[in-house]
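I opened my notebook to look up one protein chain.

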Amino acid sequence: MAILKVARLGHPVIRQTAVPLTVSEIQSPEIQLLLDNMIETMREYEGVGLAAPQIHVSKQIAVIEVNENPRYPNMPKVPLVILINPRISSRSKKLVEDWEGCLSIPDMRGVVPRNDSLVCEALDRTGKPLKLEADGFFARVIQHEWDHLQGNVYLDRMTHLKTLSHLSEFARYWANSHDHDES
Ligand code: ZN
């Protein structure tokens, strides 16, 4: 396995709409290796999610996992999930605001409104359909990763940019007011 280089905002791949995969593509050794490398890369950088465009691959793949993480001590845990060709089939009307960061936008945090709960349909790593209901932090991470697959980043979802902060200023002035994540 390998740790992959993360594309940063400004690289065109971050703004492209990612391409869906066929079941036979999903089952290919190349994509299976890519999935393992994405998981390893997400863990290496202590992300809670990673979308394929973030490692310069414009395909509809995202990985999500929230474990014990010293940088995010208060996060509810989410077991490893792989979402291929994900679709958000329903969203709650209720929006919640919380902090987000992004491995492709280093050293920044901002407050982003997201739907509080959703239903996501996708394919798993074997190509089988998967349907999951998520709320709270897990729903937030799914929306963040799904956005990446459409060429969007969390900055596009901020109501305004007044909370946008560098990490050290975030820690100094904001950290106790909200939880936060990076993906
Ligand atoms: Zn991100």
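**Entry 1: terms and ground rules.** I start with exposure: buried means under 20% relative accessible area, exposed means over 50%, and partly exposed lies in between, using a 1.4 Å probe and protein chains only. This is a predicted model, in which local features need pLDDT of at least 70, side-chain atom pairs count only at pLDDT 80 or more, and totals for chains, interfaces and linings use all residues. Residues are numbered from 1 along each chain as its sequence is written, and side-chain values use heavy atoms, with hydrogens and water left out.

**Entry 2: His 56.** I looked up His 56. At 34% relative accessibility, His 56 is partly exposed. I found His 56 in the loop between strand E1 (49–51) and strand E2 (61–66). Helices (H or I, at least four residues) and strands (E, at least two) are DSSP runs, numbered from the N terminus. His 56 is not a glycine, yet its phi is positive, about 70°.

**Entry 3: Asp 107.** Next I checked Asp 107. Asp 107 has a positive phi of about 70° too, although it is not a glycine. Asp 107 sits in strand E5. Its relative accessible area is 37%, so I noted Asp 107 as partly exposed.

**Entry 4: the sheet with E5.** Which strands make up the open sheet of 3 strands? I read the order as E4-E5-E8, with antiparallel pairing. The edge strands are E4 (95–102) and E8 (165–166), and each pairs on one side only. I noted the rule for pairing: DSSP must find at least two bridges between two strands. Strands of a sheet pair through backbone hydrogen bonds, either parallel or antiparallel. E4 and E5 (residues 105–115) are joined antiparallel over 7 bridges. I picked out one partner: Trp 99 bridges to Val 111 in E5.

**Entry 5: a helix across the strands.** I turned to helix H3 (residues 136–149). H3 lies across E4 and E5, and runs at about 60° to E4. Here axes are lines fitted to C-alpha atoms, for helices over the stretch in contact, and angles run from 0 to 180 degrees between N-to-C directions.

**Entry 6: Thr 163.** Is Thr 163 buried or exposed? Thr 163 is buried, because its relative accessible area is 13%. Thr 163 lies in the loop between helix H4 (154–157) and E8. I then listed its contacts (heavy atoms within 4.5 Å). Leaving aside neighbours within four places in sequence, Thr 163 touches Trp 99, Arg 109, Gly 110, Val 111, Met 158 and Trp 174.

**Entry 7: E2, E3 and E6.** I followed E3 (residues 78–91). E2 and E3 run antiparallel and are joined by 5 bridges. Ile 61 has Ile 84 in E3 as its bridge partner. E3 also pairs with E6 (residues 117–123), antiparallel over 5 bridges. There, Arg 91 has Leu 118 in E6 as its bridge partner.

**Entry 8: the whole chain.** How many helices and strands are in the protein chain? I counted 5 helices and 8 strands. Along the sequence, the pattern is α-α-β-β-β-β-β-β-β-α-α-β-α. The radius of gyration is 15 Å, close to the 16 Å that the globule rule gives for 183 residues, so the chain is as compact as a globular protein of that length. The radius is taken over C-alpha atoms, and the rule is 2.2 Å times the number of residues to the power 0.38. Buried residues make up 51% of the 183 residues.
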